[in-house]
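User: I want to learn how to read a few features of a protein model. Please take me through them one at a time.
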Amino acid sequence: MTQAPDKARERLSQVSGHLASDNQPALPSSGLGKDAILKKSPDDVVVTCAIRTPFTKGGKGPLKDTMGADLLLYTFKNLLSRSKIDPSLVEDIATGCVLAPGGGATEFRAAALAAGFPDSTAVKSLNRQCSSGLQACVDISNAIKSGMIEIGVGSGVESMSTQYGPGAVTEFSELLENHMQAANCKVPMGVLSEQMAKDKKVTRKDQDAFAASSFQKAIKAQEQGLFDEEIMPVTVKYTDPKTEEEKTVTVTKDDGVRTGITAESLSKIRAAFAKDGTIHAGNASQVSDGAAAVLLMKRSTAERLGQPILGKYVNASVVGVPPLLMGIGPWKAIPVALEKAGISKDDVDIFEINEAFASQCVWCIKELGLDESKVNPKGGAIAFGHPLGCTGARQVSTLLTELRRTGQKVGVSSMCVGTGMGMAAVWVAE
(Lines give C-alpha, C1' and ligand atoms only; values in the text may rest on other atoms or scores of the structure.)
Protein backbone atom coordinates (compact mmCIF):
# COMPACT_ATOMS: atom_id res chain seq x y z
CA MET A 1 0.00 0.00 0.00
CA THR A 2 1.17 3.54 -0.71
CA GLN A 3 1.69 5.94 2.15
CA ALA A 4 -1.08 8.31 3.15
CA PRO A 5 -0.70 11.87 1.80
CA ASP A 6 -0.48 13.32 5.34
CA LYS A 7 2.39 11.02 6.20
CA ALA A 8 4.12 11.94 2.93
CA ARG A 9 3.73 15.63 3.66
CA GLU A 10 5.15 15.20 7.14
CA ARG A 11 8.19 13.42 5.77
CA LEU A 12 8.65 15.96 2.99
CA SER A 13 8.86 18.78 5.54
CA GLN A 14 11.76 16.94 7.16
CA VAL A 15 13.84 17.18 3.99
CA SER A 16 12.67 20.50 2.57
CA GLY A 17 15.76 22.17 3.97
CA HIS A 18 17.72 20.28 1.33
CA LEU A 19 16.46 22.85 -1.16
CA ALA A 20 17.94 25.84 0.66
CA SER A 21 19.79 28.09 -1.75
CA ASP A 22 23.14 27.48 -0.07
CA ASN A 23 22.90 23.83 -1.16
CA GLN A 24 22.27 24.61 -4.82
CA PRO A 25 24.87 23.06 -7.13
CA ALA A 26 27.18 25.67 -8.58
CA LEU A 27 26.92 26.00 -12.33
CA PRO A 28 30.41 26.18 -13.85
CA SER A 29 31.44 29.50 -15.31
CA SER A 30 31.97 29.63 -19.05
CA GLY A 31 35.46 28.59 -20.05
CA LEU A 32 37.25 26.94 -22.97
CA GLY A 33 35.29 23.70 -22.76
CA LYS A 34 32.95 24.39 -25.65
CA ASP A 35 35.76 24.47 -28.19
CA ALA A 36 37.01 21.16 -26.86
CA ILE A 37 33.68 19.33 -27.16
CA LEU A 38 33.12 20.70 -30.66
CA LYS A 39 36.38 19.16 -31.90
CA LYS A 40 36.05 15.92 -33.84
CA SER A 41 38.00 12.78 -33.02
CA PRO A 42 37.98 9.32 -34.61
CA ASP A 43 37.14 7.95 -31.14
CA ASP A 44 34.01 10.08 -30.65
CA VAL A 45 30.83 8.11 -29.97
CA VAL A 46 28.41 9.35 -32.61
CA VAL A 47 24.72 9.00 -33.38
CA THR A 48 23.98 7.92 -36.94
CA CYS A 49 20.24 7.33 -36.62
CA ALA A 50 17.67 8.31 -33.98
CA ILE A 51 13.98 7.56 -34.42
CA ARG A 52 10.80 6.94 -32.47
CA THR A 53 7.23 5.84 -32.88
CA PRO A 54 4.45 8.37 -32.52
CA PHE A 55 3.30 8.64 -28.89
CA THR A 56 -0.38 7.95 -28.29
CA LYS A 57 -2.65 8.23 -25.26
CA GLY A 58 -2.60 5.40 -22.79
CA GLY A 59 -5.81 3.38 -22.80
CA LYS A 60 -7.32 5.46 -25.61
CA GLY A 61 -4.86 5.96 -28.45
CA PRO A 62 -4.23 3.72 -31.45
CA LEU A 63 -1.21 2.05 -29.82
CA LYS A 64 -3.17 0.94 -26.75
CA ASP A 65 -3.55 -2.66 -27.96
CA THR A 66 0.07 -3.06 -29.08
CA MET A 67 2.40 -4.78 -26.63
CA GLY A 68 5.65 -3.09 -25.70
CA ALA A 69 7.78 -5.75 -27.37
CA ASP A 70 5.87 -5.20 -30.62
CA LEU A 71 6.40 -1.43 -30.43
CA LEU A 72 10.08 -2.19 -29.98
CA LEU A 73 10.08 -4.62 -32.91
CA TYR A 74 8.56 -1.99 -35.23
CA THR A 75 11.11 0.55 -34.04
CA PHE A 76 14.05 -1.81 -34.59
CA LYS A 77 12.79 -2.59 -38.09
CA ASN A 78 12.46 1.12 -38.87
CA LEU A 79 15.94 1.78 -37.48
CA LEU A 80 17.43 -0.87 -39.76
CA SER A 81 15.43 0.44 -42.73
CA ARG A 82 16.43 4.07 -42.31
CA SER A 83 20.07 3.54 -41.32
CA LYS A 84 20.70 0.71 -43.79
CA ILE A 85 23.16 -0.69 -41.25
CA ASP A 86 24.06 -4.35 -41.66
CA PRO A 87 22.31 -5.83 -38.58
CA SER A 88 25.12 -8.35 -38.14
CA LEU A 89 27.45 -5.45 -37.26
CA VAL A 90 25.36 -4.45 -34.24
CA GLU A 91 26.91 -6.16 -31.23
CA ASP A 92 24.63 -5.06 -28.38
CA ILE A 93 21.22 -3.51 -27.78
CA ALA A 94 20.17 -1.91 -24.49
CA THR A 95 16.47 -1.23 -23.91
CA GLY A 96 15.09 0.86 -21.08
CA CYS A 97 11.69 -0.11 -19.71
CA VAL A 98 10.01 0.49 -16.36
CA LEU A 99 6.82 -1.54 -16.17
CA ALA A 100 7.41 -4.83 -18.01
CA PRO A 101 7.50 -7.93 -15.76
CA GLY A 102 11.00 -9.30 -15.55
CA GLY A 103 12.24 -6.07 -17.09
CA GLY A 104 11.11 -7.27 -20.50
CA ALA A 105 14.40 -9.10 -20.99
CA THR A 106 12.99 -12.16 -22.75
CA GLU A 107 10.52 -10.42 -25.07
CA PHE A 108 12.99 -7.66 -25.99
CA ARG A 109 15.55 -10.24 -27.10
CA ALA A 110 12.77 -11.87 -29.11
CA ALA A 111 11.78 -8.50 -30.60
CA ALA A 112 15.34 -7.91 -31.80
CA LEU A 113 15.46 -11.32 -33.47
CA ALA A 114 12.05 -10.83 -35.10
CA ALA A 115 13.11 -7.39 -36.33
CA GLY A 116 16.04 -8.84 -38.25
CA PHE A 117 18.99 -8.75 -35.89
CA PRO A 118 20.98 -12.02 -35.91
CA ASP A 119 21.43 -14.18 -32.84
CA SER A 120 24.96 -12.74 -32.53
CA THR A 121 23.46 -9.40 -31.44
CA ALA A 122 23.16 -9.33 -27.66
CA VAL A 123 20.22 -7.65 -25.91
CA LYS A 124 19.65 -6.41 -22.37
CA SER A 125 16.85 -4.60 -20.62
CA LEU A 126 17.35 -2.08 -17.83
CA ASN A 127 15.29 0.01 -15.47
CA ARG A 128 16.32 3.32 -13.95
CA GLN A 129 12.76 4.58 -13.83
CA CYS A 130 12.10 7.61 -16.06
CA SER A 131 15.74 7.85 -17.18
CA SER A 132 15.82 4.27 -18.50
CA GLY A 133 15.93 5.25 -22.18
CA LEU A 134 18.80 7.67 -21.58
CA GLN A 135 20.60 5.12 -19.42
CA ALA A 136 20.36 2.63 -22.29
CA CYS A 137 22.01 5.11 -24.67
CA VAL A 138 24.69 5.95 -22.11
CA ASP A 139 25.42 2.27 -21.41
CA ILE A 140 25.92 1.60 -25.12
CA SER A 141 28.04 4.75 -25.51
CA ASN A 142 30.27 3.75 -22.61
CA ALA A 143 30.61 0.21 -23.97
CA ILE A 144 31.82 1.71 -27.27
CA LYS A 145 34.20 4.09 -25.49
CA SER A 146 35.73 1.25 -23.49
CA GLY A 147 36.22 -0.94 -26.56
CA MET A 148 33.77 -3.59 -25.38
CA ILE A 149 31.72 -3.17 -28.56
CA GLU A 150 32.02 -1.19 -31.78
CA ILE A 151 28.36 -0.64 -32.71
CA GLY A 152 25.25 -0.71 -30.54
CA VAL A 153 21.68 0.50 -30.11
CA GLY A 154 20.30 2.40 -27.12
CA SER A 155 16.52 2.21 -26.95
CA GLY A 156 13.48 2.58 -24.75
CA VAL A 157 9.88 1.40 -24.76
CA GLU A 158 6.77 1.53 -22.63
CA SER A 159 3.26 0.21 -23.13
CA MET A 160 1.55 2.06 -20.32
CA SER A 161 -1.83 0.97 -21.66
CA THR A 162 -1.09 -2.67 -20.95
CA GLN A 163 1.24 -2.49 -17.93
CA TYR A 164 0.66 0.73 -15.97
CA GLY A 165 -1.02 0.38 -12.58
CA PRO A 166 -0.52 -0.49 -8.88
CA GLY A 167 1.02 -3.82 -9.76
CA ALA A 168 4.13 -2.03 -11.02
CA VAL A 169 5.38 -1.71 -7.41
CA THR A 170 5.49 -4.70 -5.09
CA GLU A 171 4.68 -4.57 -1.39
CA PHE A 172 7.61 -3.50 0.80
CA SER A 173 8.98 -5.77 3.50
CA GLU A 174 8.97 -4.73 7.15
CA LEU A 175 12.68 -3.96 6.90
CA LEU A 176 12.03 -1.42 4.14
CA GLU A 177 8.89 0.04 5.70
CA ASN A 178 10.72 0.68 8.96
CA HIS A 179 13.46 2.75 7.28
CA MET A 180 12.18 6.28 6.64
CA GLN A 181 14.03 7.04 3.41
CA ALA A 182 13.42 3.54 2.08
CA ALA A 183 9.69 3.81 2.78
CA ASN A 184 9.63 7.21 1.05
CA CYS A 185 10.53 5.49 -2.22
CA LYS A 186 6.94 4.33 -2.63
CA VAL A 187 5.15 7.62 -1.95
CA PRO A 188 3.12 8.41 -5.11
CA MET A 189 4.88 10.96 -7.28
CA GLY A 190 1.79 13.11 -7.63
CA VAL A 191 1.47 13.39 -3.86
CA LEU A 192 5.10 14.32 -3.25
CA SER A 193 5.16 16.71 -6.23
CA GLU A 194 2.06 18.44 -4.91
CA GLN A 195 3.63 18.95 -1.51
CA MET A 196 6.93 20.11 -3.01
CA ALA A 197 5.10 22.70 -5.14
CA LYS A 198 3.36 23.99 -2.02
CA ASP A 199 6.55 23.98 0.04
CA LYS A 200 8.56 25.85 -2.59
CA LYS A 201 5.71 28.20 -3.52
CA VAL A 202 5.40 27.12 -7.14
CA THR A 203 2.03 28.60 -7.95
CA ARG A 204 -0.70 27.00 -10.01
CA LYS A 205 -0.63 30.07 -12.24
CA ASP A 206 3.03 29.44 -13.10
CA GLN A 207 2.45 25.73 -13.60
CA ASP A 208 -0.52 26.27 -15.90
CA ALA A 209 1.38 28.91 -17.89
CA PHE A 210 4.28 26.48 -18.38
CA ALA A 211 1.94 23.64 -19.38
CA ALA A 212 0.00 25.83 -21.82
CA SER A 213 3.28 26.89 -23.41
CA SER A 214 4.27 23.23 -23.84
CA PHE A 215 1.02 22.50 -25.69
CA GLN A 216 1.33 25.63 -27.82
CA LYS A 217 4.92 24.90 -28.81
CA ALA A 218 4.09 21.26 -29.59
CA ILE A 219 1.08 22.04 -31.78
CA LYS A 220 3.09 24.63 -33.69
CA ALA A 221 5.93 22.16 -34.20
CA GLN A 222 3.52 19.44 -35.27
CA GLU A 223 1.76 21.73 -37.77
CA GLN A 224 5.15 22.73 -39.21
CA GLY A 225 6.23 19.10 -39.55
CA LEU A 226 9.09 19.46 -37.07
CA PHE A 227 8.52 15.99 -35.61
CA ASP A 228 8.34 14.27 -38.98
CA GLU A 229 12.05 13.44 -39.19
CA GLU A 230 12.18 11.72 -35.81
CA ILE A 231 8.84 9.88 -36.08
CA MET A 232 8.52 6.77 -38.20
CA PRO A 233 4.90 5.62 -38.73
CA VAL A 234 3.72 2.24 -37.48
CA THR A 235 0.78 0.14 -38.68
CA VAL A 236 -1.05 -1.69 -35.91
CA LYS A 237 -4.34 -3.32 -35.00
CA TYR A 238 -6.59 -1.16 -32.85
CA THR A 239 -9.94 -1.82 -31.18
CA ASP A 240 -12.07 1.29 -31.15
CA PRO A 241 -13.17 1.78 -27.51
CA LYS A 242 -16.50 3.26 -28.61
CA THR A 243 -17.57 0.76 -31.26
CA GLU A 244 -15.37 -2.20 -30.23
CA GLU A 245 -14.54 -2.58 -33.91
CA GLU A 246 -11.03 -3.84 -34.65
CA LYS A 247 -9.24 -1.80 -37.27
CA THR A 248 -5.83 -1.72 -38.89
CA VAL A 249 -4.49 1.81 -38.60
CA THR A 250 -1.27 3.58 -39.55
CA VAL A 251 -0.18 5.95 -36.81
CA THR A 252 1.86 8.93 -38.00
CA LYS A 253 1.81 11.55 -35.25
CA ASP A 254 1.51 12.12 -31.51
CA ASP A 255 -2.15 12.22 -30.56
CA GLY A 256 -1.80 13.97 -27.20
CA VAL A 257 -0.97 17.32 -28.80
CA ARG A 258 -4.08 19.49 -28.59
CA THR A 259 -5.02 22.86 -30.00
CA GLY A 260 -6.60 25.70 -28.07
CA ILE A 261 -4.89 25.01 -24.73
CA THR A 262 -4.32 28.16 -22.69
CA ALA A 263 -3.39 28.90 -19.11
CA GLU A 264 -6.97 30.05 -18.61
CA SER A 265 -8.48 26.79 -19.90
CA LEU A 266 -6.09 24.78 -17.72
CA SER A 267 -7.03 26.84 -14.66
CA LYS A 268 -10.52 25.30 -14.76
CA ILE A 269 -9.31 21.71 -14.29
CA ARG A 270 -9.78 20.22 -10.83
CA ALA A 271 -6.63 19.44 -8.82
CA ALA A 272 -5.82 15.73 -8.77
CA PHE A 273 -3.93 15.08 -5.53
CA ALA A 274 -5.26 17.57 -2.96
CA LYS A 275 -8.47 19.57 -2.64
CA ASP A 276 -6.50 22.82 -2.53
CA GLY A 277 -3.76 21.47 -4.79
CA THR A 278 -2.13 22.84 -7.93
CA ILE A 279 -1.29 19.71 -9.96
CA HIS A 280 -3.83 18.23 -12.38
CA ALA A 281 -4.08 16.25 -15.61
CA GLY A 282 -3.34 19.31 -17.73
CA ASN A 283 -0.04 20.33 -16.11
CA ALA A 284 1.50 16.87 -15.66
CA SER A 285 2.96 14.42 -18.18
CA GLN A 286 0.54 12.30 -20.16
CA VAL A 287 0.28 8.52 -19.76
CA SER A 288 1.43 7.28 -23.16
CA ASP A 289 2.67 4.40 -25.30
CA GLY A 290 5.75 4.52 -27.51
CA ALA A 291 9.27 3.38 -28.36
CA ALA A 292 12.52 4.98 -29.54
CA ALA A 293 15.94 3.79 -30.70
CA VAL A 294 19.37 5.37 -31.24
CA LEU A 295 22.17 3.84 -33.34
CA LEU A 296 25.63 4.54 -31.88
CA MET A 297 29.20 3.83 -33.00
CA LYS A 298 32.67 5.38 -33.14
CA ARG A 299 33.17 8.21 -35.62
CA SER A 300 35.86 6.21 -37.40
CA THR A 301 33.41 3.32 -37.79
CA ALA A 302 30.65 5.59 -39.11
CA GLU A 303 33.00 7.11 -41.67
CA ARG A 304 34.21 3.71 -42.78
CA LEU A 305 30.64 2.46 -43.23
CA GLY A 306 29.37 5.67 -44.83
CA GLN A 307 26.87 6.25 -42.03
CA PRO A 308 25.54 9.84 -41.70
CA ILE A 309 26.60 11.50 -38.44
CA LEU A 310 23.79 13.37 -36.69
CA GLY A 311 25.73 14.25 -33.58
CA LYS A 312 27.87 12.88 -30.80
CA TYR A 313 27.54 11.85 -27.18
CA VAL A 314 29.80 13.84 -24.85
CA ASN A 315 29.09 12.65 -21.31
CA ALA A 316 26.40 12.05 -18.72
CA SER A 317 25.70 12.39 -15.02
CA VAL A 318 23.51 10.48 -12.62
CA VAL A 319 22.79 11.74 -9.10
CA GLY A 320 20.71 10.89 -6.09
CA VAL A 321 18.36 13.21 -4.20
CA PRO A 322 15.93 12.58 -1.31
CA PRO A 323 13.12 10.29 -2.52
CA LEU A 324 10.45 12.83 -1.59
CA LEU A 325 12.23 15.44 -3.69
CA MET A 326 12.65 13.39 -6.85
CA GLY A 327 11.47 16.35 -8.96
CA ILE A 328 14.65 18.32 -8.29
CA GLY A 329 16.74 15.72 -10.14
CA PRO A 330 17.58 17.92 -13.16
CA TRP A 331 18.60 20.76 -10.84
CA LYS A 332 21.32 18.54 -9.41
CA ALA A 333 22.22 16.45 -12.47
CA ILE A 334 22.59 19.19 -15.10
CA PRO A 335 25.41 21.11 -13.36
CA VAL A 336 27.34 17.86 -12.88
CA ALA A 337 27.08 17.00 -16.59
CA LEU A 338 28.08 20.54 -17.59
CA GLU A 339 31.06 20.48 -15.27
CA LYS A 340 32.24 17.15 -16.69
CA ALA A 341 32.04 18.65 -20.19
CA GLY A 342 33.80 21.84 -19.08
CA ILE A 343 30.99 24.06 -20.30
CA SER A 344 28.47 26.44 -18.76
CA LYS A 345 24.71 26.76 -19.10
CA ASP A 346 25.32 29.66 -21.50
CA ASP A 347 27.17 27.32 -23.88
CA VAL A 348 24.05 25.15 -24.24
CA ASP A 349 21.73 25.93 -27.14
CA ILE A 350 18.81 23.64 -26.22
CA PHE A 351 17.77 21.89 -23.01
CA GLU A 352 15.42 18.91 -23.33
CA ILE A 353 14.08 18.53 -19.79
CA ASN A 354 11.38 15.93 -19.25
CA GLU A 355 8.13 17.50 -18.13
CA ALA A 356 7.10 14.98 -15.49
CA PHE A 357 5.22 17.76 -13.74
CA ALA A 358 5.11 21.45 -14.60
CA SER A 359 5.82 22.18 -10.92
CA GLN A 360 9.24 20.53 -10.90
CA CYS A 361 10.19 21.88 -14.32
CA VAL A 362 9.30 25.43 -13.34
CA TRP A 363 11.31 25.11 -10.14
CA CYS A 364 14.38 23.54 -11.77
CA ILE A 365 14.47 26.08 -14.61
CA LYS A 366 14.21 28.96 -12.18
CA GLU A 367 16.76 27.63 -9.70
CA LEU A 368 19.29 26.86 -12.46
CA GLY A 369 18.72 30.27 -14.04
CA LEU A 370 18.08 28.79 -17.48
CA ASP A 371 16.86 30.82 -20.44
CA GLU A 372 13.29 29.53 -20.83
CA SER A 373 13.42 30.01 -24.60
CA LYS A 374 16.10 27.29 -24.72
CA VAL A 375 13.99 24.73 -22.84
CA ASN A 376 11.86 22.25 -24.81
CA PRO A 377 11.38 24.46 -27.90
CA LYS A 378 9.00 21.88 -29.43
CA GLY A 379 7.09 21.25 -26.21
CA GLY A 380 7.47 18.25 -23.97
CA ALA A 381 5.85 15.38 -22.10
CA ILE A 382 2.94 17.50 -20.88
CA ALA A 383 1.94 18.01 -24.51
CA PHE A 384 2.85 14.74 -26.22
CA GLY A 385 3.43 12.17 -23.51
CA HIS A 386 5.92 10.32 -21.34
CA PRO A 387 6.16 6.57 -22.01
CA LEU A 388 8.35 6.01 -18.99
CA GLY A 389 11.22 3.86 -20.27
CA CYS A 390 11.16 5.46 -23.70
CA THR A 391 11.49 9.18 -22.95
CA GLY A 392 15.28 9.32 -22.48
CA ALA A 393 15.87 7.77 -25.91
CA ARG A 394 13.14 9.95 -27.46
CA GLN A 395 14.88 13.08 -26.21
CA VAL A 396 17.98 12.24 -28.24
CA SER A 397 16.10 12.30 -31.54
CA THR A 398 14.08 15.39 -30.59
CA LEU A 399 17.18 17.25 -29.44
CA LEU A 400 19.53 16.43 -32.32
CA THR A 401 16.84 17.03 -34.94
CA GLU A 402 16.08 20.51 -33.60
CA LEU A 403 19.75 21.46 -33.12
CA ARG A 404 20.50 20.48 -36.71
CA ARG A 405 17.41 22.22 -38.08
CA THR A 406 18.30 25.50 -36.37
CA GLY A 407 22.05 25.33 -37.04
CA GLN A 408 22.89 25.08 -33.35
CA LYS A 409 25.36 22.74 -31.70
CA VAL A 410 25.20 21.94 -27.97
CA GLY A 411 22.28 20.24 -26.26
CA VAL A 412 21.49 18.76 -22.87
CA SER A 413 18.86 16.12 -22.12
CA SER A 414 17.72 15.59 -18.54
CA MET A 415 14.95 14.23 -16.33
CA CYS A 416 13.93 13.63 -12.76
CA VAL A 417 13.79 9.99 -11.72
CA GLY A 418 11.32 8.23 -9.43
CA THR A 419 12.59 7.23 -5.95
CA GLY A 420 14.87 10.27 -5.91
CA MET A 421 17.42 10.59 -8.70
CA GLY A 422 18.29 12.77 -11.64
CA MET A 423 20.14 12.20 -14.90
CA ALA A 424 21.54 14.44 -17.63
CA ALA A 425 23.65 14.08 -20.77
CA VAL A 426 25.49 16.46 -23.09
CA TRP A 427 25.19 16.06 -26.87
CA VAL A 428 26.68 17.91 -29.84
CA ALA A 429 24.88 18.09 -33.20
CA GLU A 430 26.68 17.97 -36.54
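User: Which hand does the crossing of α13 and α14 have?
Analyst: A crossing is left-handed if the near helix is turned anticlockwise from the far one by less than a right angle, and right-handed if clockwise. The crossing of α13 and α14 is right-handed. The contact joins Pro330, Trp331, Ile334 and Pro335 of α13 to Gln360, Trp363, Cys364, Glu367 and Leu368 of α14. Contact means heavy atoms within 4.5 Å. Helices (H or I, at least four residues) and strands (E, at least two) are DSSP runs, numbered from the N terminus.

User: What sort of residues make up the contact of α13 with α14?
Analyst: Ala, Val, Leu, Ile, Met, Phe, Trp, Tyr, Cys and Pro count as nonpolar, Asp, Glu, Lys and Arg as charged, and the others, Gly among them, as polar. Here seven are nonpolar, one is polar and one is charged.

User: At what angle do the axes of α13 and α14 cross?
Analyst: Axes are lines fitted to C-alpha atoms, for helices over the stretch in contact, with angles from 0 to 180 degrees between N-to-C directions. Helix α13 (residues 329-341) and helix α14 (residues 358-368) cross at roughly 40°, and their axes come within 8 Å. Angles under 35 degrees count as roughly parallel, over 145 as roughly antiparallel, 65 to 115 as roughly perpendicular and the rest as oblique. α13 and α14 are therefore oblique to each other.

User: What should I know about the model itself?
Analyst: It is predicted: local features need pLDDT of at least 70, side-chain atom pairs count only at pLDDT 80 or more, and totals for chains, interfaces and linings use all residues. Residues are numbered from 1 along each chain as its sequence is written, and side-chain values use heavy atoms, with hydrogens and water left out.

User: How do α5 and α16 cross?
Analyst: The axes of helix α5 (residues 132-146) and helix α16 (residues 391-406) come within 4 Å and cross at roughly 70°. That makes α5 roughly perpendicular to α16. Gly133, Leu134 and Cys137 of α5 meet Gly392, Ala393 and Val396 of α16. Four of these contact residues are nonpolar, two are polar and none is charged.

User: How many aromatic pairs does a search of the whole structure find?
Analyst: Rings of Phe, Tyr and Trp (its six-membered ring) pair if their centres lie within 6.5 Å; planes under 30 degrees apart count as stacked, over 60 as edge-to-face and the rest as tilted. The search finds four pairs. One of them, Phe76 with Phe117, is edge-to-face, at 5.7 Å centre to centre and 90° between the planes. Phe76 sits in helix α3 (residues 68-83) and Phe117 in the loop between α4 and β4, 41 residues apart. Buried means under 20% relative accessible area, exposed over 50%, partly exposed in between (1.4 Å probe, protein chains only). Phe76 is buried at 0%, and Phe117 is buried at 3%.

User: Why is the pair of Phe227 and Phe384 edge-to-face?
Analyst: Their planes stand at 70°, so the pair is edge-to-face, with ring centres 5.5 Å apart. Phe227 lies in the loop between α10 (204-223) and β6 (234-239) and Phe384 in helix α15 (residues 381-384), so the pair ties together parts 157 residues apart in sequence.

User: Is Thr121 buried or exposed?
Analyst: Thr121 is buried, at 1% relative accessible area. Its place is in the loop between α4 (105-115) and β4 (122-126). Beyond its neighbours within four places in sequence, Thr121 contacts Pro87, Val90, Glu91, Asp92, Ile93 and Arg109.
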